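Work through the exercises below with the sequence and the model open. Try each task before reading its solution.

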Amino acid sequence: MNIKVYTLPNCQPCRITKRKLTDVGLEYTELDARDHVDYIDSLGYRASPVVTVVTDDGELLSWSGHCPRLIDAVSYTHLRAHETLRYL
């Protein structure tokens with residue numbers, strides 16, 4: 001799983017999103033949204049942060065703004081995948 005968080009300076013939702021990702025144990029890469037405007041525009045987002053998740057299956061999930069339920073869902077899916085592998 002590859003998680004990227006596109007943030008802006010002094011962005012409270014960005015800080016809260018990064019804290020939530022850390023709290024649930026998900027590693028992520030933080031990128032400055034100002035350096036990736038074309039990519040963010042191609043996704044159709046206008047609010048920060050923008051979070052992209054590429055799953056182990058190659059599926060792209062994305063959202064903008066602070067979405068704790070989506071973070072929890074990604075965390076749950078990630079943990080379940082690793083638990084299954086551990087028991088194989």
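This is a predicted model: local features need pLDDT of at least 70, side-chain atom pairs count only at pLDDT 80 or more; totals for chains, interfaces and linings use all residues.

## Exercise 1: The aromatic pair

Task: Find the one aromatic pair of the structure. State its geometry and the burial of each partner.

Solution: 
- Step 1. The structure holds one aromatic pair, formed by Y6 and Y39.
- Step 2. The ring centres lie 5.8 Å apart, with 50° between the planes. Planes under 30 degrees apart would count as stacked and over 60 as edge-to-face, so the rest are tilted. The Y6 and Y39 pair is tilted.
- Step 3. Y6 is in strand 1, whereas Y39 is in helix 2 (residues 37-43), so the pair ties together parts 33 residues apart in sequence.
- Step 4. Y6 has 5% relative accessibility, so Y6 is buried. Y39 has 33%, so Y39 is partly exposed.

## Exercise 2: The cores

Task: List the residues of the largest nonpolar core.

Solution: 
- Step 1. The largest nonpolar core has nine residues: I3, V5, L21, L26, V51, V53, W63, I71 and V74.
- Step 2. Strand 1 (2-7), strand 3 (50-54) and helix 3 (68-87) each supply at least two core residues.
- Step 3. Another core of five residues lies apart from it, including Y6, I40, Y45 and V50.
- Step 4. Leaving out residues up to four places away in sequence, V5 touches K18, L21, Y28, T29, E30, L31, P49, V50 and V51.
- Step 5. In soluble globular proteins, nonpolar side chains tend to be buried together.

## Exercise 3: The whole chain

Task: In what order do the elements of the protein chain run from the N terminus?

Solution: 
- Step 1. The protein chain has three helices and four strands. Their order is β-α-β-α-β-β-α.
- Step 2. Of its 88 residues, 28% count as buried.
- Step 3. Take the contacts in the protein chain with a separation of 6 or more: 58% join residues 24 or more positions apart.
- Step 4. The accessible surface of the protein chain is about 5800 Å², and carbon and sulfur atoms hold 51% of it.

Conventions:
Residues are numbered from 1 along each chain as its sequence is written. Side-chain values use heavy atoms; hydrogens and water are left out. A nonpolar core is a set of buried Ala, Val, Leu, Ile, Met, Phe, Trp, Tyr and Cys residues joined through side-chain atoms within 4.5 Å. Buried means under 20% relative accessible area, exposed over 50%, partly exposed in between (1.4 Å probe, protein chains only). Contact means heavy atoms within 4.5 Å. Accessible areas come from the Shrake-Rupley method with a 1.4 Å probe; for residues, only the protein chains shown count as cover. Rings of Phe, Tyr and Trp (its six-membered ring) pair if their centres lie within 6.5 Å; planes under 30 degrees apart count as stacked, over 60 as edge-to-face and the rest as tilted.
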